[in-house]
Amino acid sequence: MEKIQAKQAMYDLTLALIYLTRFTEEKSFKDAKEFHAWKGYDFNVLNRLDDEELIDQGSHPSRTKSVYITDAGLEKARQILEQYGIEDWK
């Protein structure tokens, strides 16, 4: 495996953790279309993910405790899991 810079790994793995710890307000997780995650991560990384439209922190990011994971964010997170050899939830 090719070495990855620490800053890039932090970005990738934050998105992967957001994905893996996601939750939904739907009754069925399997059929859910919208996912959120708690935002206990580095704010610079969260801002970059938001700027790249992989997550949405809402209109008042400093006041929200969770982020919305966009469809692009879900897809990118799945690619990161594959890249790092991490198994997704079944």
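Trainee: Happy to start with the helices: are α1 and α2 roughly parallel or roughly perpendicular to each other?
Mentor: Good place to begin, keeping in mind that this is a predicted model. The axes of the two helices, α1 and α2, come within 10 Å and cross at roughly 75°. Angles of 65 to 115 degrees count as roughly perpendicular, so α1 and α2 are roughly perpendicular.

Trainee: Which residues of α2 does α1 meet?
Mentor: From the α1 side, the residues taking part are Q8, M10, Y11, T14, L15 and I18. By class, the residues of this α1 and α2 contact divide into two polar, one charged and seven nonpolar. On the α2 side, the partners are V45, L46, R48 and L49.

Trainee: Let's look at T14 in α1. Does T14 count as buried or exposed?
Mentor: T14 is in contact with A9, Y41, V45 and L49, leaving aside neighbours within four places in sequence. Its relative accessibility is 8%. Buried means under 20%, so T14 counts as buried.

Trainee: And L15, what is it in contact with, leaving aside neighbours within four places in sequence?
Mentor: L15 is among the residues that touch the most other members of the largest nonpolar core, along with I18, Y19, L49, I55 and I69. With those sequence neighbours left aside, the contacts of L15 are L49, L54, I55, G73, K76, A77 and I80.

Trainee: Which element gives the most to that core?
Mentor: The largest nonpolar core has 20 residues. Elements giving two or more residues to this core are α1 (6-20), β1 (35-38), α2 (43-51), β3 (66-69) and α3 (71-84). With six residues, the element giving the most is α1.

Technical notes. Residues numbered from 1 in each chain as written. Predicted model: local features only at pLDDT ≥ 70, side-chain atom pairs only at ≥ 80, totals over all residues. Heavy atoms only, no water. Core = buried A, V, L, I, M, F, W, Y, C linked by side-chain atoms within 4.5 Å. Buried < 20%, exposed > 50% of the residue type's maximum accessible area, 1.4 Å probe, protein only. Helix = DSSP H or I, 4+ residues; strand = E, 2+ residues; numbered from the N terminus. Contact = heavy atoms within 4.5 Å. Axes fitted to C-alpha atoms, helices over the stretch in contact; angles between N-to-C directions. Parallel < 35°, antiparallel > 145°, perpendicular 65-115°, else oblique. Nonpolar A, V, L, I, M, F, W, Y, C, P; charged D, E, K, R; others polar.
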